[in-house]
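The points begin with one residue and its surroundings and then turn to the chain as a whole.

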Amino acid sequence: MFSIGLTGGIGSGKTTVADMFAALGVPVIDTDLIAHQITAPGGVAMPLIESTFGPQYVAPDGSLDRAKMRTRVFSDNAAKAQLESITHPLIRAESERQRHEAQGAYHIVVVPLLIEAGERASKVERILVVDCPVETQIERVMQRNGFTRDQVLAIIARQATREARLAAADDVVLNDCAATLDTLQREVNALHMRYVTMASQGSKPRT
Ligand code: ADP
């Protein structure tokens, strides 16, 4: 099992890069998607969330009331830790299950907060960082989500710094404002070749 942990700040281009690997046939495990699934209607995290936080955090369809929970944990660190103690083990277990099922030479695990959670927690062989300047992040997220500049800055402030991410990276894809989808695709193709080679040579896990 050769795992590449893909990470980057909000708006760096993680999803764009992950989709390019997926189009090459590489299994992509998306921890954000898993987090959504376990808190969707009937999701495995919902009974414990309801008994811990109360029914007011459950939307009428049985899913997590994300807006309400976001407001709660934004100002309450203990609640944030409590929510994470419910969701993180479930996300990890589902991610592990998908990793064991993944076919092919290697797979990608998209972990937006990989650096924040501690690199070792994700048990990946290599860390691939999608990097871009903060100004590019701001522009992309304002456009994609319709957020204000201050809203994007508040999210960025709670994430690892660009420097911290780069310090942890084994590989970096630069996706700044000069990068086109074509140049990005070429970088992804080159990395794909390297990862296939590394996986076949049985590269050692990070220590
Ligand atoms: P993340 O998953 O890291 O938050 P996305 O992959 O969703 O970031 O990218 C953020 C936004 O910027 C998306 O709307 C995406 O289409 C756009 N984008 C990312 N990289 C590029 C690029 N190289 N050229 C043009 N648009 C891009």
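1. In this predicted model, Tyr195 has a relative accessibility of 0% and therefore counts as buried, the cut-off being under 20%.

2. The rings of Tyr106 and Tyr195 make an edge-to-face aromatic pair, with 5.4 Å from centre to centre and 65° between the planes. Tyr106 belongs to the loop that runs between α5 (77-101) and β3 (107-110), while Tyr195 sits in helix α10 (residues 181-200); the pair therefore ties together parts that lie 89 residues apart in sequence.

3. Phe21, Tyr106 and Tyr195 are linked into a cluster by ring pairs. The structure holds three aromatic pairs in total.

4. Another of the pairs involves Phe53 and Tyr57, whose rings are also described as edge-to-face, at 5.9 Å centre to centre and with 70° between the planes. Are these two residues buried or exposed? Phe53 has 7% relative accessibility and so counts as buried, given the cut-off of under 20%. Tyr57, at 9% relative accessibility, is assigned to the buried class on that basis.

5. Turning to the chain as a whole, the secondary structure consists of 10 helices and five strands. The radius of gyration is 18 Å, close to the 17 Å given by the globule rule for 207 residues, so the protein chain is as compact as a globular protein of that length. Along the principal axes, the C-alpha atoms fill a box of roughly 50 × 40 × 30 Å.

6. Burial and contacts may be read alongside these dimensions. Of the 207 residues in the protein chain, 42% count as buried. When contacts between residues at least 6 apart in sequence are considered, 73% of them join residues at least 24 apart.

7. The protein chain carries 22 positive and 24 negative side chains. The centres of these two sets lie 3 Å apart.

Key:
Residues numbered from 1 in each chain as written. Predicted model: local features only at pLDDT ≥ 70, side-chain atom pairs only at ≥ 80, totals over all residues. Heavy atoms only, no water. Helix = DSSP H or I, 4+ residues; strand = E, 2+ residues; numbered from the N terminus. Rg over C-alpha atoms; globule rule 2.2 N^0.38 Å. Buried < 20%, exposed > 50% of the residue type's maximum accessible area, 1.4 Å probe, protein only. Contact = heavy atoms within 4.5 Å. Lys, Arg positive; Asp, Glu negative; His and termini not counted. Charge placed at Lys NZ, Arg CZ, Asp CG, Glu CD. Phe/Tyr/Trp six-rings, centres within 6.5 Å; stacked < 30°, edge-to-face > 60°.
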